[in-house]
Amino acid sequence: MNTRYWHAAFVVIATSATTQAVAELDRLEDKDLAEVSGQGGIYLSGDISINEMGGPIENSYFGRCDDPDKKCGARLAYRLKSDGGWMVLDEIQGNFAFEGLTLRVRSIDSGFGGDGELFNRDVMEIGLPDIVRYNDVRFKIAGSNMPRPTDPGFRQTDILAVEMQGDVVMEGNLLVFPTGNP
Amino acid sequence: MFSFLTLRVGRPGFPRILPAIQAVIAVIAAGPANAELQGLSERELAEIDGEGIGVVLENFKFSHGTDVPDAAGNQARIFKIGGLKSTDGREVEIVVNHLYISGNGSNYGQNLSPVNLGRLINPYRIDVVDGNDIGIRDKAVLEFAAPALVDAAQGYDCISAGAAAGSGVCSSRPATAGFVGERPDIGMQMNVAVGDDRSANINIHAKSAVIDGSYLRLWGDDDRQQMVGQFKLNFHTPELSINACSQDGLSCGSRITMTNFALELAIGNQLQPVFFDVDGTGNFVVEVAAIDRPAPGSIGADGLRGSSDAETWDFYEDYYTNLDYRSNLHIGNFSVADRDFGSARVEGMLIQHLEIRTKELAP
């Protein structure tokens, strides 16, 4: 076929495709958009484990949690000064579970001791799950001179360790919204 | 760009235009990408005042702790802080028996009820603010803030649990018959074990607590290439009480009660921010640097403005008189059991130099 026909065919296809797209994408005025209201929301149940048995790395420092000579758990190191030492969250491990965390957009125009009426906007509402079950959640806060325990000259001072287990009561709604003047 | 297109359209022959259009589209597409990626100087970045995030907790209730072990020695709930060492090298363990945040009238954590934290029109905020607005020159500052203080005409008295509108500068409202309010009861029970010696249970409770006007600001210091901050804690409560009970909770000592308690603690200010660091041995360091000494001769022998360099004198005058840099503690009445010791005030504390360094005691 002559290349000239190819070009013509391409233009026809391109034009028809464009027409169809225009028909589908009707503009929504701000006013119409303001009336759109999302229905329902999200209901989440979760069970999150962090290095419960030990992490994926096994070397001279990290290993399985049942090995008393090795450390297990995640490690997060961050530096507060360009050539300074490292703050460390170390041996982060455990498991926590919750049932019924909800997520939705909610319009508030009343309540809150009179604040709702003044506020009169939408917020994102995170419904807390009432009970969060902690199973052997542990972490350590430490200071270290090197980011990784396998680095040469590594020294670390554990400042404190936290251990949590059992049901934590956490009821209510967390409301998140932009502040300032949108 | 457009003149190029017109030139081509003027010529006969449709297919010839296509390559030209394609070229133009390519140019247009490439154009905005270049325009978008412009460098921002530190000064320009400091001007950015992004909208922050407001956070309010509605009908909130929190409770966690450590249970007494059952017959088999198992505990359903555990909340421990360990890893500390005493000076003689023994393990120190803090067992938190109960930590709660509750609505008003909790009777020292016995009856938990919901409470709101923060107001929709004055919430807790996480924000990047323009440092020039808060006295930190040409910096973008990350700020975590409790509800801001307001005009006395609209606010509520910070301490009184029956405060009405227009009685003070706090935004959080006390609970009323029909509304939970924004002032939580908070408290904890804990005991400390040093080696095998376990202390009595220590209870600390604050009723109708207000932390309005508190904040934590963080930014970076260019000269020291380090994270710096500024911390302000305003803590008001009509009653802060401390007592100690035996492990089984059957017998308790006298309750130390501090009524109308107000703490305004300022650690770090615009001139002396707090520096955070970890030293070469892995110990944590918090430092408030001393203010620079004036250059020799810039302050007159008599210390008056007339005989001094005016700018230097004004700088030190502001440093020593600015009330924002100072910490205060007011206690309305201090009592132990039924004995009253009256009121206490510590006012105008200025931190001139502070260095806290953790130290490893383990061999």
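The legends below describe close-up views of a predicted model.

**View 1. The contact between chain A and chain B.** In this predicted model, the contact draws 47 residues from chain A and 49 residues from chain B. On the side of chain A that touches chain B, the elements that give two or more residues are α1 (3-24), β3 (86-108), α3 (115-119), β5 (130-144) and β6 (156-178) of chain A. Of these, β6(A) gives the most, with 23 residues. Sorted by class, this side of chain A holds 21 nonpolar and 17 polar residues, together with nine charged residues.

**View 2. Strand β6(A) beside strand β2(B).** Here β6(A) is joined by five bridges to strand β2 of chain B, which covers residues 78-85, and the two strands run antiparallel. Within β2(B), Phe79(B) is the residue that stands opposite Met164(A).

**View 3. Chain B as a whole.** The secondary structure of chain B consists of four helices and 18 strands. Chain B has 363 residues, and buried residues make up 27% of them. When the contacts in chain B with a separation of 6 or more are considered, 57% of them are between residues 24 or more positions apart.

Definitions and conventions
Residues numbered from 1 in each chain as written. Chains lettered and ligands numbered in written order. Predicted model: local features only at pLDDT ≥ 70, side-chain atom pairs only at ≥ 80, totals over all residues. Contact = placed C-beta atoms within 7 Å. Nonpolar A, V, L, I, M, F, W, Y, C, P; charged D, E, K, R; others polar. Pairing = 2+ DSSP bridges. Buried ≥ 20, exposed ≤ 12 C-beta atoms within 10 Å, placed from the backbone.
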